[in-house]
Amino acid sequence: MHPWCCFSVKTDFNSDPHYVFKAVLQPSNRAVAASTSSGLIKLYDAQAGTQLTHVGDLRGHADTITDVAFAAADSPGMVHTSSKDGTVRGWDMRAGQEVEQFQAPGQELLCFGLLEHVVAAGGSGELLFWDRRTRRQAAKLDDTHMEEVTQVRFHPSTRCVASGSIDGLVAVHDTCKPLTNDEAFVAAINVGTSVEELGMYGARDERLWVRTGTETLHLWEWGRAVTESAEGGEGAFAEFLEARDTATSAAAAAAATEGASPSPADSGAIGGTSASPSNIFRHGVEYLVGCHYDAPSQQLMLVAGQDGAVGFWPLLEQQAVGGGALVGAELQPPVMALQGAHSGVVRSVQCYDSQQGPAFCITGGEDAQICLWSLNPNTPRTQGAGSLTRKGLALDGGEGEGQRRAHRRRG
């Protein structure tokens with residue numbers, strides 16, 4: 001399977017150089033929002049399927065933007081952001097205006113999550129909640145995490161919220177109960193090292209993955225991890241403590257059976273490559289990007305990169321004899337590579353929920369590019385004209401500092 005970059009656009013056209021933190025798709029696949037290191041949210045119309053049309057910028061945060069998401073299911077025309085300026089903001093994309101703001105004075109908010117009328121955000125050792133209906137802070141949980149909270153994710157069916165922190169804990173609280181430290185607490189899962197990203201996966205979100213700052217990967221069964229009868233949660237059913245090396249070994253073993261193939265540098269492809277995914281990554285994986293759950297195959301995939309190339313490694317989960325609990329997982333060779341479009345580290349990879357359209361994936365990177373990828377090599381490749389802000393759409397407000405945060409790498 002050889003994906004093809006069918007469209008790319010530079011986000012720093014006629015502006016100060018920056019890079020893309022995160023590019024996210026609206027659930028209907030009709031819009032893209034990208035947070036940048038310059039403190040802007042770039043908005044794009046994606047209705048053409050294989051092209052992005054820049055429709056404006058959102059300005060207002062006074063410090064680095066830390067998260068962006070189309071998180072409000074009841075408001076498809078809104079995008080939300082969090083920032084180190086201590087706010088979570090909701091933006092009306094059509095009007096290009098801020099319409100919601102939730103404040104945590106004196107805090108640097110590193111992440112947020114929304115579930116219906118509840119907003120949750122992570123600060124300095126605290127988990128903060130607001131009610132979108134009143135815009136007022138509803139609760140503050142400060143008895144679980146000792147350091148900055150880096151991730152907040154709601155479990156859609158149980159209405160629990162999972163928060164990850166630099167302190168190495170994933171805390172789970174039940175938002176159906178009174179939001180106090182004692183009554184809402186469900187479980188604390190000790191990962192052992194700083195939590196960088198987490199997510200639920202599976203047909204019913206019955207499993208949990210965690211990527212750490214030291215580039216390890218951990219997998220749990222959600223029900224076992226949050227059971228109140230097991231103090232601290234059940235242990236992970238799989239852990240990859242040297243995830244980059246394991247991914248490299250899986251690629252190298254598969255490449256050895258495939259025979260010689262052009263290296264990425266020699267492939268000469270523009271926006272794609274004829275080299276197999278295993279051959280592209282056989283010499284080393286440099287960083288982890290995250291995980292993607294592929295619903296058709298019901299497999300979780302590790303997403304990892306080597307400079308500007310990104311690959312997908314399926315995780316083959318293993319059940320105990322006779323079925324029941326999961327007891328392990330094996331990292332398979334990469335089945336797909338996105339290569340030939342980005343010239344630097346790829347920070348963000350998001351696949352479309354539906355693969356009916358011509359494009360299936362969007363990426364953003366430190367080269368300030370956003371790229372659309374197609375599985376059809378006959379899809380013509382086009383390049384955007386750059387980010388030309390439409391007059392009257394951008395908000396007045398403070399520019400972000402755009403502090404460059406080095407991508408964590410080991411070795």
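A residue is called buried here when its relative accessible area is under 20%, exposed when that value is over 50%, and partly exposed in between. Keep that scale in mind as we walk through this predicted model.

Let's start with a pair of aromatic residues. Y19 has a relative accessible area of 2%, so Y19 is buried. F21 comes out at 12%, which means that F21 is buried as well. How are the rings of Y19 and F21 arranged? Rings pair if their centres lie within 6.5 Å, and planes over 60 degrees apart count as edge-to-face. By this rule there are 4 aromatic pairs. In the pair of Y19 and F21, the ring centres are 5.5 Å apart and the planes meet at 80°, so this pair is edge-to-face.

Next, have a look at F13. You will find F13 in the loop that links β1 (4-10) to β2 (20-25). Its relative accessible area is 35%, so F13 counts as partly exposed. F13 also shows how the chain brings together positions separated in sequence: A368 is 355 residues away along the chain, yet the C-alpha atoms of F13 and A368 are separated by 9.1 Å.

Which residues form a negative surface patch? The members are D142, D143, D182 and E183. Patch residues need over 30% relative accessible area. D143 has 56% relative accessibility, and therefore counts as exposed.

Technical notes. Residues numbered from 1 in each chain as written. Predicted model: local features only at pLDDT ≥ 70, side-chain atom pairs only at ≥ 80, totals over all residues. Heavy atoms only, no water. Patch = residues over 30% accessible without salt bridge, like charges linked within 9 Å, V, L, I, M, F, W, Y side chains within 5 Å. Areas by Shrake-Rupley, 256 points an atom, 1.4 Å probe, with all protein chains shown as cover. Salt bridge = Lys/Arg side-chain N within 4 Å of Asp/Glu carboxyl O. Lys, Arg positive; Asp, Glu negative; His and termini not counted. Charge placed at Lys NZ, Arg CZ, Asp CG, Glu CD. Buried < 20%, exposed > 50% of the residue type's maximum accessible area, 1.4 Å probe, protein only. Phe/Tyr/Trp six-rings, centres within 6.5 Å; stacked < 30°, edge-to-face > 60°. Helix = DSSP H or I, 4+ residues; strand = E, 2+ residues; numbered from the N terminus.
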